[in-house]
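Biologist: Hi! Could you walk me through this one while I have it open?

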Amino acid sequence: MTKSKYLTGDTAAINDFIDRFDSIEAELRSENIPFIGGTDPSFRRDITPADWAGIADGSLLDPDVGCVLAGLDFHVNYLKLSHALQYLRRGAVFLATNVDSTFPMNHNFFPGAGSIGTAPLAYMTGTQPTALGKPSQAMMDAVEGKFALDRARTCMVGDRLNTDIKFGIEGRLGGTLAVLTGVNKQADWEAKDAVAVPAFFVDKLSDLGAVGRKAE
């Protein structure tokens with residue numbers, strides 16, 4: 001919802017090469033924003049000599065693309081990055097769904113969107129993207145506008161200080177709750193240079209159920 005709301009009214013096509021495409025594509029379609037890339041299987045292959053030539057001379061590029069939306073791609077490859085780079089060099093707006101370095105999965109950590117989606121393009125172009133995910137307040141404004149969010153009665157729950165908790169604090173929410181099953185631990189926000197400090201924390205999200213039962 002955030003990405004599509006941010007882009008509503010943009011007449012340029014969206015080059016959504018690098019993300020969890022199915023959900024992003026659904027958002028773009030819901031706002032009638034055209035795009036290329038995404039789940040298109042024609043981009044999930046090795047680059048060919050014809051690709052080199054067509055990308056270099058522009059014949060394989062869509063002239064209507066005005067934005068590159070980067071994010072987490074489990075099928076990132078040289079062909080996708082080459083297209084994205086050329087669109088950016090031609091003046092396309094550089095957006096990122098989020099800039100997380102890692103994400104937790106199966107009790108371990110794996111490369112995040114910021115590492116495999118945005119970082120290569122940022123390094124190639126020397127330009128940082130506008131991040132639409134947490135802690136960007138563009139997301140908070142979009143949620144508030146769509147759902148009539150009451151910030152004072154809302155608590156942000158998450159495991160990462162520099163995105164989740166910072167998002168809640170900068171968004172002036174009623175509270176922030178850190179969950180210790182993910183990226184950051186208590187020692188991280190107790191450090192002098194902590195990027196954000198949650199109002200509350202629990203060992204795991206299911207602990208909230210026990211708190212609720214006690215309150216009854």
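This is a predicted model: local features need pLDDT of at least 70, side-chain atom pairs count only at pLDDT 80 or more; totals for chains, interfaces and linings use all residues.

Biologist: Great. Which residues make up the largest nonpolar core?

Modeller: That core has 12 residues: Leu61, Val65, Val68, Ala70, Leu81, Ala84, Tyr87, Leu88, Ala92, Phe94, Leu121 and Ala122. Strand 3 (65-70), helix 4 (78-89) and helix 5 supply at least two residues each.

Biologist: And which element gives the largest share?

Modeller: Helix 4, with 4 residues. There is also a second, separate core of 7 residues, with Leu28, Ile33, Cys67 and Leu69 among them.

Biologist: Switching topic: how do the axes of helix 3 and helix 4 cross?

Modeller: At roughly 10 degrees, and the axes come within 10 Å. Angles under 35 degrees count as roughly parallel, so helix 3 and helix 4 are roughly parallel to each other.

Biologist: Which residues meet there?

Modeller: From helix 3, Asp51, Trp52 and Ile55; from helix 4, Tyr78, Leu79, Ser82, His83 and Gln86. That contact divides into 4 nonpolar, 3 polar and 1 charged.

Biologist: Now electrostatics. How many salt bridges are there in the whole structure?

Modeller: A search finds 9. In one of them, arginine 160 pairs with aspartate 100, with the closest N and O atoms 4.0 Å apart. Arginine 160 is in the loop between strand 8 and helix 7, and aspartate 100 in the loop between strand 4 (93-96) and strand 5 (102-105), so the pair ties together parts 60 residues apart in sequence. Arginine 160 is buried, at 6% relative accessible area.

Biologist: And what does aspartate 164 pair with?

Modeller: Lysine 134, with the closest N and O atoms 2.5 Å apart. Aspartate 164 lies in helix 7 and lysine 134 in the loop between strand 7 (130-131) and helix 6, so this pair ties together parts 30 residues apart in sequence. Aspartate 164 is buried at 4%, whereas lysine 134 is partly exposed at 28%.

Biologist: Last one: what does helix 7 pack against?

Modeller: Its buried residues pack against helix 6 (137-147), strand 8 (155-158), strand 9 (175-179) and helix 8 (186-190). Just after helix 7, arginine 172 takes a positive phi of about 55 degrees.

Note on methods
Residues are numbered from 1 along each chain as its sequence is written. Side-chain values use heavy atoms; hydrogens and water are left out. A nonpolar core is a set of buried Ala, Val, Leu, Ile, Met, Phe, Trp, Tyr and Cys residues joined through side-chain atoms within 4.5 Å. Buried means under 20% relative accessible area, exposed over 50%, partly exposed in between (1.4 Å probe, protein chains only). Axes are lines fitted to C-alpha atoms, for helices over the stretch in contact, and angles run from 0 to 180 degrees between N-to-C directions. Angles under 35 degrees count as roughly parallel, over 145 as roughly antiparallel, 65 to 115 as roughly perpendicular and the rest as oblique. Contact means heavy atoms within 4.5 Å. Ala, Val, Leu, Ile, Met, Phe, Trp, Tyr, Cys and Pro count as nonpolar, Asp, Glu, Lys and Arg as charged, and the others, Gly among them, as polar. A salt bridge is a side-chain nitrogen of Lys or Arg within 4 Å of a carboxyl oxygen of Asp or Glu.
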